[in-house]
Amino acid sequence: MCADIRKDWDTYFMDIAYMVSTRSRCPRRHVGAVLVQGKKLLGTAYNGAPMGVPDCSEAGCMISEEYELTNQDGKEVMVKKQRCVRTIHAEQNLLLFTDRADREGSSVYVTDEPCWTCANMLANSGITEIVFHRPYPKDTSKVRQMMEHKGITFRSLSGYEPPRETLMTVSD
Ligand SMILES: [Zn+2]
Ligand SMILES: [Zn+2]
């Protein structure tokens, strides 16, 4: 009877990641990440400016444009990327606020597929699994390649539906 309505662990931890993401004050993207060892929640983080520093809702986003040379179908192409650099990404905050010992062999649940920089750091953080929901196509191929190389399980939760009330509501 209860089994039908009881959430599986993937849904449970991804729901928490989405809940955490509502703390973000960057209007461009709300990202939440949680550290899980076994079935135990060991840390939560969202994207935001360093503590005590004006955040995106106060000072506006700090937009940076970057060009990256990538290979598309055998051709080299310059791809323009725009992102807000005011915030520390959720995954990086998660690493700042958790202990290495806790991360060894643990999983990270993150609302969005990690960007290259975050993926790079996660790959060196001791964690052995990354579970994400929303895709980030710009970095996905090189991120996937690296995860494979590192032997880190990298999977997306398809068919997952985030709790409605956690989706992009910027509030105080
Ligand atoms: Zn921002
Ligand atoms: Zn990132």
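Reply: The annotated residues are taken in turn below. The model is predicted, so local features need pLDDT of at least 70, side-chain atom pairs count only at pLDDT 80 or more, and totals for chains, interfaces and linings use all residues. Residues are numbered from 1 along each chain as its sequence is written, and chains are lettered from A and ligands numbered from 1 in the order in which they are written.

Me: What makes Glu 91 count as buried?
Reply: A residue is buried if 20 or more other C-beta atoms, placed from the backbone, lie within 10 Å of its own, exposed if 12 or fewer, and partly exposed in between. Glu 91 has 27 C-beta neighbours inside 10 Å, so it is buried. UniProt lists Glu 91 under "active site" in an unreviewed entry; such annotations may be inferred rather than shown by experiment.

Me: Why is Cys 115 called partly exposed?
Reply: Cys 115 has 19 other C-beta atoms within 10 Å, so it is partly exposed.

Me: Which residues does UniProt list for "binding site", and how do you know that they gather at one spot?
Reply: The unreviewed entry lists His 89, Cys 115 and Cys 118. They span 30 residues in sequence, yet no two of their C-alpha atoms are more than 9.1 Å apart, so they gather at one spot.

Me: What is His 89 in contact with, leaving aside its neighbours within four places in sequence?
Reply: Contact requires C-beta atoms, placed from the backbone, within 7 Å. His 89 is in contact with Val 31, Asn 47, Cys 115 and Cys 118.

Definitions and conventions. Contact = placed C-beta atoms within 7 Å.
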